[in-house]
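Let's take a walk through this model together, helix by helix. Please keep the sequence and the 3D view open as you read.

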Amino acid sequence: MFIRVRTVLLSLFMLAGCATADAPADDGDIHLAAIEHTMPEISLAGEVPLRLTLTQWMEALAVPGVSVAVIDDYEVVWAHGFGVADAATRTPMSANTVLQAGSIAKPLTAMAALQMVERGQLSLDGDINDALTSWRVPNSEFTTQERVTLRRLVSHTSGITPGGFEGYAPHAELPTIQQILDGAPPANSEAARVLATPGTTMAYSGPAYTIVQLVLTERTGEAFPDLMRRRILAPLSMRNSTYEQPLPARFVRDAASGHTFGGGVVEGRWRIHPEMAAAGLWTTPTDLAQVAIEMARAWRGVSARVLSQHMAVRMLTEERESSALGWMLGDDNGMFWHNGGTQGYRASMRMNSETGDGIVILTNSDNGLEIMPALMNAVAVHWQWSVYTQRAVSPVVVAKLIASQRGIERGLSEYRALRESQPPRFFGPGDLNGWGYMLLEQRRFEDALRVFSENARYYPDNAYAHDALGEAQLATGQREQGIQSYRRSLELDPGNTNAAEVLARIEAEAP
């Protein structure tokens, strides 16, 4: 299987006692009913719009579980889990279920680093190599005039290798931090190298935060989970959170399993991330809400449990292209945010420092981001947020929802109409490709074939569209057509090893 889907997979604590902190109790059935039944309506040509419940959205998008915490007036006012924490065991998702938060680990790491800056333990703008001992950022043609600094590392403007991390299977050999930074076995990621002049461009970088992880541990002499517990988690009473990798036994009972695009449990339940600063956080929405609230309150100058007002303001000031120091800045005044994704999990948090409104959503699904805009819209309507820009539901999500109620042909028909009426920037070959693989994993082979065929028609010169089509054709017994699709994919991209391997296997099996 070769999949090219536009997702954020970037990649995604040690506390005294067990993960037993309680989230705020549900406020009767009022909030639950409101969120379950006020998801955005879906337009249907010539028909009454579809009004689906949150549960129906989750089923249509193959999202087993969702956990959400709502912030109103700088307080967590409601938290709830929907669906299941594990599709195999059917364990219910609760507000206290712990999930991987992926890259939301990064802003917390940045907060710890900036706290050390405030205390004179680190330089914000000095050469980061001056703070490193066991490893150094290699010099290159891009570092002759500008240096890699902590400010640039946490704002993704350092020029360090972009991208995220795949994580490691539960029983795999784990690399050291130095092996990760050098891209040396058993590391499965690229080396951290300066590939652009520091300070000149914004390129999201997991390896940049791995450098920060090394800096913090070397300067403090502490293990990374310990220093994050002491500096961030404990002061904010985040008792259901940890950066420990692998996940300690005391958290496993309350942990949600990750799930694939088709809704199946990830092999081994989840991946391990020694790149803790960039993707190693396990947490709950209620715990993460404490981070958002503290940042907003510090920005206002009414709290300083982690950072002073001066540093909080600096942290939420744009460096380049909406990237601040650890956070991303939104279109709404005062809004800061961050998303996260590791294999089997997607996460998002939004907070408005001016209004005190915010939301944290964690899911145990590779499709989790697809449900978040609509869920945020429903929360904003119910809690009557005065400053909020409604998020658009993507065309492919609309098509999936319609298909779940009216069949695959109607879903594709509505998607076709959306392509004709909306700007091209809203569409890409990964949209239907991802949907097709969801259907293929669910063994809905004929439906997958229809989706992949449609995608190849839209993108006749895309190698991955033909690769996916070939897989569906073979799955439905169309051997010759599958061979033709794989050959076309290889013509378009001679480096597509998957197509080459499949064709070689088919030839070897021929009588």
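**A walk through the helices**

Ala399 counts as buried, at 1% relative accessibility; buried means under 20% relative accessible area, exposed over 50%, and partly exposed in between, with a 1.4 Å probe and protein chains only. The model is predicted, so local features need pLDDT of at least 70 and side-chain atom pairs count only at pLDDT 80 or more, while totals for chains, interfaces and linings use all residues. Residues are numbered from 1 along each chain as its sequence is written, and side-chain values use heavy atoms, with hydrogens and water left out.

Ala399 sits in helix α13; helices (H or I, at least four residues) and strands (E, at least two) are DSSP runs numbered from the N terminus. Not counting residues up to four places away in sequence, Ala399 touches Gly411, Tyr415 and Trp435, where contact means heavy atoms within 4.5 Å. Ala62 is 337 residues from Ala399 along the chain, and their C-alpha atoms are separated by 14 Å.

Which helix does α13 pack against at an angle of about 35°? The partner of α13 (residues 395–406) is α15 (residues 429–441), and their axes are 10 Å apart. Here axes are lines fitted to C-alpha atoms, for helices over the stretch in contact, and angles run from 0 to 180 degrees between N-to-C directions. The crossing of α13 and α15 is right-handed; a crossing is left-handed if the near helix is turned anticlockwise from the far one by less than a right angle, and right-handed if clockwise. From α13, Val396, Ala399, Lys400 and Ala403 meet Asp431, Leu432, Trp435 and Met438 of α15.

Now follow α15 itself. Its 13 residues reach 19 Å from first C-alpha to last, close to the 18 Å expected at 1.5 Å a residue; the expected span is 1.5 Å times one less than the number of residues. Helix α15 is largely enclosed by the rest of the structure, because 11 of its 13 residues are buried. Among them are Gly430, Gly434, Trp435 and Gly436. The buried residues of α15 pack against α2 (54–60), α13, α14 (408–421), α16 (445–458) and α17. Just after α15, Arg443 takes a positive phi of about 65°.

Helix α17 is next. It too is largely enclosed by the rest of the structure, since 11 of its 13 residues are buried. These include Ala463, His466, Leu469, Gly470 and Gln473, and what covers the buried residues includes α15, α16, α18 and α19. Just after α17, Gly477 has a positive phi of about 85°.

Leaving aside residues up to four places away in sequence, Ser485 touches His466, Leu469, Gly470 and Gln473.

The axes of α18 and α19 come within 9 Å and cross at roughly 145°, and this crossing is left-handed. Residues of α18, including Ile483, Tyr486 and Leu490, meet a set in α19 that includes Ala499, Val502 and Ile506.

In α19, Asn498, Ala499, Val502, Leu503 and Ile506 are buried. Seen down the axis of α19, these buried residues fall within an arc of 130°, so they line one face of the helix; the arc is that of the directions from the helix axis to the C-beta atoms. An α-helix has 3.6 residues a turn, so residues three or four places apart point the same way. On the other side of α19, Thr497, Glu501, Glu507 and Ala508 are exposed. The buried residues of α19 pack against α17 (463–475) and α18 (479–492). At the start of α19, a side-chain oxygen of Asn496 reaches to within 3.2 Å of the backbone nitrogen of Asn498.

Finally, a look at the loops. The peptide bond from Pro185 to Pro186 is cis, with omega near 10°, and Pro186 lies between α5 (177–182) and α6 (206–220). Arg90 is not a glycine, yet has a positive phi of about 65°.

Definitions and conventions: Polar contact = N/O pair within 3.5 Å; in protein donor to acceptor, adjacent residues only side chain to side chain.
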